[in-house]
Amino acid sequence: MDVPDGAAGRIERDRARFAAIVRGHIKQDLRRYVTGSELIGRKGRQMVSIPVPRVELPRFRFGRNGRGQGQGQGERAADEGQPAEGQGAGAAGSQPGQHLLEVELSLEEMARILGEELELPDIQPRGRARVSAPARRFSSLRRSGPRGLRHMRRTFREALRRELAGGSYDPSRPGVVPAPGDLRYRSWKDVPRPEHAALILYMMDVSGSMGREQKEIVRLVSFWIDTWLRSQYRSLEMRYVVHDAVAREVDQDTFYRLRESGGTKISSAYALAAEIVERQFPAAEWNVYLFHFSDGDNWSGRDTERCMSVLRERLLPGANLFCYGQVKSAYGSGQFKKDVDSALSGDERVITAEILDREGILPAIRQFLGRGR
Amino acid sequence: MERPDAELLALQREVEARARDAGLDPPEVEYRVVDHRELNAIAAYGGFPVRYAHWRFGMEYDRLIKGHAWGLQRIYELVINTRPVLAWLLRDNAPVEQKLVMAHVCGHADFFRANAWFAHTDPHMLETMAAHAARLRELAAAHGQDALESFIDRVHSLDNLVDAGALRRARGRPGNAPPLDGPLAPGDVLGHVLRDAPLADWQREVVALLRDEACYFLPQALTKVMNEGWASFWHSRLMTGSLLRDAEVVDYACQHSGAMGGSDGPMNPYKLGLELFRHVHARAGGDSGGGLRAVFDARAVHDDLTFVDAFLDLDFARAHGLGADEAACAAARESLLAGLTNAGQPVIRRLPSEPRELELEHVWSGAELQLDQAEETLRHLHALWQGPVRLHTRLDGRALLLSAGPAGVTRELGEALAEPGPPPGA
């Protein structure tokens, strides 16, 4: 028997099946990924690389049963064939006990898993769609093309037309044989596709009372919000505003790192946000998403009143959603959420959520994005 | 994949001529030249590019190419036990590397022919694997891809339950696995499943195919240290004895020490096997005495377990830092032997019982089974057996009975056993 080629192609199919199985595991363990920081920092432009436990078939094997005794037999790492693995390191038996597998997943797929798990509705965009990049549609025909794109029905119609016109068609024997000139192939046209655009504007309290863990929670929540909204809008803009007693616009990196020590005037952030939106993101063209995170301690009741009026008069009219996430801290009174709830209750554009700890992340995301706005 | 060009063929003739001069008797070897992507794919299929499709091979491939991308490991060479022996060469290896690989492959090929464990392996395994793959494709078409896959998953999780001892019995008929009509070895649990479990015909066929493949691979697992040691012993003798040109010495030394070194210490199977063969050679008087006779004899009759047991003596232990006195040497030997017994797999045997009951015993060797996996495996076994399945093992120095039934697996801890559990500090 000669040795056939193509193992490299066949193994890709096995690998794809393996990847599908791994994805199933990721879905099962979504909560762990959402509440852990391991995914952030593993995110590339399109892909995120996820460590998952090795998908291993169970066997009778020696093991420790969690008491730190028993014999370290090592695993029969390469029990088949005689692959000679050069370079020493990584040869048989040297694998660490914890098998983690790095899996590359596209962000879109991650979003799909999140959406399925949280039962998030697709967003119904508002506003005028902007015409942007053309999309390919297979909606036309050509006389030449690859075999895979042959259009059978049209090919036979051409053949029938030719035979009828040439008088060679015999209704009692209705077989038709296409000639080379009858062949038709599917082809594409570029169709301009209207697209909706969205802005996500994050605001965060960086005053002294927001600690490291609180910011980490904000980072995790916004990571998943980004991931979801990115799957819903093809063009997405982000803006970041931090505030203590005064607000300023910063880049993403600064947003998550900055720590100030001053007091807290939330209205300063809302006023700046309103300015940004009014100047750059007209409501007619943009779906505007506003997220604000703080520990709920505002400077004064007077400032809170000012917040509500900026919200009512300037921010909410042009926004799809205003979400307030209150992260519990050792110092925060948590008053602000109550104020927002009582002032704006019944407004379906407004969603507030309390995030006590990392366990609260998933429910908060579900609340924020569950309305499909 | 291509056949070797004239230059490589000339190299092969030269290497094999020197190997025969030295006393090796490799069967015919055929080389194919591939790139590393293809080599990794073939390695993931256990050396058989025609093997059936399964995600497990995809997982192995994923691991291999990532190891390659990260520079952790690189497969230089891959050889399978068929007639002719098939071996792959990497296209972008330098000539000195190809020469080294060919000398190494001569050692493996000679080992496949001469070692007693390989006396009964299927010489046409490439064709057999292709036939298995074709049959499994048919079964997938008939019974559904998903049904077949989940059934194969079950059997994979049991495919170390074959009896090594039964493989060495002369059988005089084709196939890697012991026949079912004779008495079955107690460790041949898959054989017992095949004979006694109420499986559907197609399921029985799948179990038989996978058992055959497992029995084909088992001798390689039992002789890994020796096989690699033998190939390394000969590549180093052949290369430094006659094959190396002056200009190639440094490159060769680099390759060779790369494969032998590493952080694994003496358990790097290449290094351990190589040094043991060198020790056997020196102990019997080297080239001028009976050294060569001694290594040729050892490679024919031993497996890793008996090889280490017979030749890891105090001189060897001292020379390789395994121990300075008899006690330390014995301890080092015991620890190696524990890892080599039954190719590092627990020994599981069927106890005499009613035909429709499966009573299994884990033969105690001082190490516990990993319980969560053992229970999961019992569930799979129960699904095949469709009747009561029990396993006697130990936990914390006490007897433990795991029983698998329709409701799952239950644990029943028994009395403390006379012999203490795992030896302390092991």
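In chain B of this predicted model, helices α5(B) and α9(B) are roughly antiparallel to each other, a label used for angles over 145 degrees. Helices here are DSSP runs (H or I, at least four residues), numbered from the N terminus. Two packed helices are described by the angle between their axes and the distance between the axes. For α5(B) and α9(B) the angle is about 155° and the axes are 11 Å apart, where axes are lines fitted to C-alpha atoms over the stretch in contact and angles run from 0 to 180 degrees between N-to-C directions. The residues that make the contact include Met129(B), His132(B) and Leu136(B) of α5(B), together with Val206(B), Leu209(B) and Tyr216(B) of α9(B), contact meaning heavy atoms within 4.5 Å.

Helix α5(B) itself covers residues 125–143, and at 1.5 Å a residue its 19 residues should span 27 Å, which agrees with the 26 Å between its end C-alpha atoms; the expected span is 1.5 Å times one less than the number of residues. Among the residues of α5(B) that are buried are Met125(B), Ala133(B) and Ala140(B), buried meaning under 20% relative accessible area with a 1.4 Å probe, protein chains only. Their cover includes β3 (85–90), α6 (145–156) and α9 (201–222) of chain B. Just after α5(B), Gly144(B) takes a positive phi of about 100°.

Turning to chain A, 48% of its 373 residues count as buried, and the chain has ten helices and eleven strands, strands being DSSP runs of E with at least two residues. Thr35(A), in helix α2 (residues 30–35) of chain A, is buried, with a relative accessible area of 12%. Leaving aside residues up to four places away in sequence, Thr35(A) touches Leu220(A), Arg358(A), Glu359(A) and Ile361(A).

Residues are numbered from 1 along each chain as its sequence is written, and chains are lettered from A and ligands numbered from 1 in the order in which they are written. Local features need pLDDT of at least 70, side-chain atom pairs count only at pLDDT 80 or more, and totals for chains, interfaces and linings use all residues, while side-chain values use heavy atoms, with hydrogens and water left out.

Definitions and conventions: Buried < 20%, exposed > 50% of the residue type's maximum accessible area, 1.4 Å probe, protein only. Parallel < 35°, antiparallel > 145°, perpendicular 65-115°, else oblique.
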